[in-house]
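Here are a few friendly notes to read alongside the model.

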Amino acid sequence: MITIGVLALQGAIAEHINCLKQLSNVEVKEVKTLEDLNSIDGLILPGGESTAMGKILNYFNLLQPIAQKINEGLPVWGTCAGMILLAKEISNQPETYFATMDIKVKRNAYGSQLDSFQTNIDLPQISPNPIPLVFIRAPYIEVAKENVEILASVDNNIVAAKQNNMLVTSFHPELTKDLSWHKYFYNMIVNK
């Protein structure tokens, strides 16, 4: 049995928890404290508002401890805002958060809430079936260093990538019925 934590400060927390509960051999934990952080095998940083999350992480003194855990190898998956939290560079914003992944991210790259969209993509390494991708005020990766594996692109924009123990997606798998990405992250944790 492995324990996957969901950072439970702001954002799509319940949706990720619901997806994880559908996987076998997974215990789910909301992560709000250092104690929670020390009892998990992997961590999901949900979509939400990255600026608000950054402020809350600072307020509760969780920014540095989580960054340290990630640097020490804790498997982590950032969806949408979670991708922004992991990026070492954010376009048009000097401030970064965990700054653990060698990517440069553009916030709200697809525009406002009104510009949200859904598409399907074939990714045989993730799933044998087409995967639905839901983009809501989504970022994308403008620059990925050579040590970053690009997993998916939409319209020539990088929307999913992996570097060592870190996985990022611009889109929200937790808002679909497809569990491919949650299973992929589970396998990252099991095979680390």
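1. Start at Val154, whose bridge partner in S11 is Asn157. Strands here are DSSP runs of E with at least two residues, numbered from the N terminus. Please keep in mind that this is a predicted model, where local features need pLDDT of at least 70, side-chain atom pairs count only at pLDDT 80 or more, and totals for chains, interfaces and linings use all residues. Residues are numbered from 1 along each chain as its sequence is written, and side-chain values use heavy atoms, with hydrogens and water left out.

2. Strand S10 (residues 149-154) runs antiparallel to S11, and five bridges join them; two strands pair if DSSP finds at least two bridges between them. The two form a hairpin with two residues between them, and Asp155 in that turn has a positive phi of about 55 degrees.

3. On to strand S12 (residues 166-169), which is antiparallel to S11 and joined to it by four bridges. Gln163 has Met166 of S12 as its bridge partner. S11 and S12 also form a hairpin with two residues between them, and Asn164 in the turn has a positive phi of about 50 degrees.

4. Why is S11 largely enclosed by the rest of the structure? Seven of the seven residues of S11 (residues 157-163) are buried, so the strand is largely enclosed. Buried means under 20% relative accessible area (1.4 Å probe, protein chains only).

5. Lastly, the structure holds zero disulfides, a disulfide being a pair of cysteine sulfur atoms within 2.5 Å. The sulfur of Cys80 is 15 Å from the closest cysteine sulfur, in Cys19, which is too far for a bond. Cys19 counts as buried at 4% relative accessibility, and Cys80 counts as buried at 5%.

Definitions and conventions. Buried < 20%, exposed > 50% of the residue type's maximum accessible area, 1.4 Å probe, protein only.
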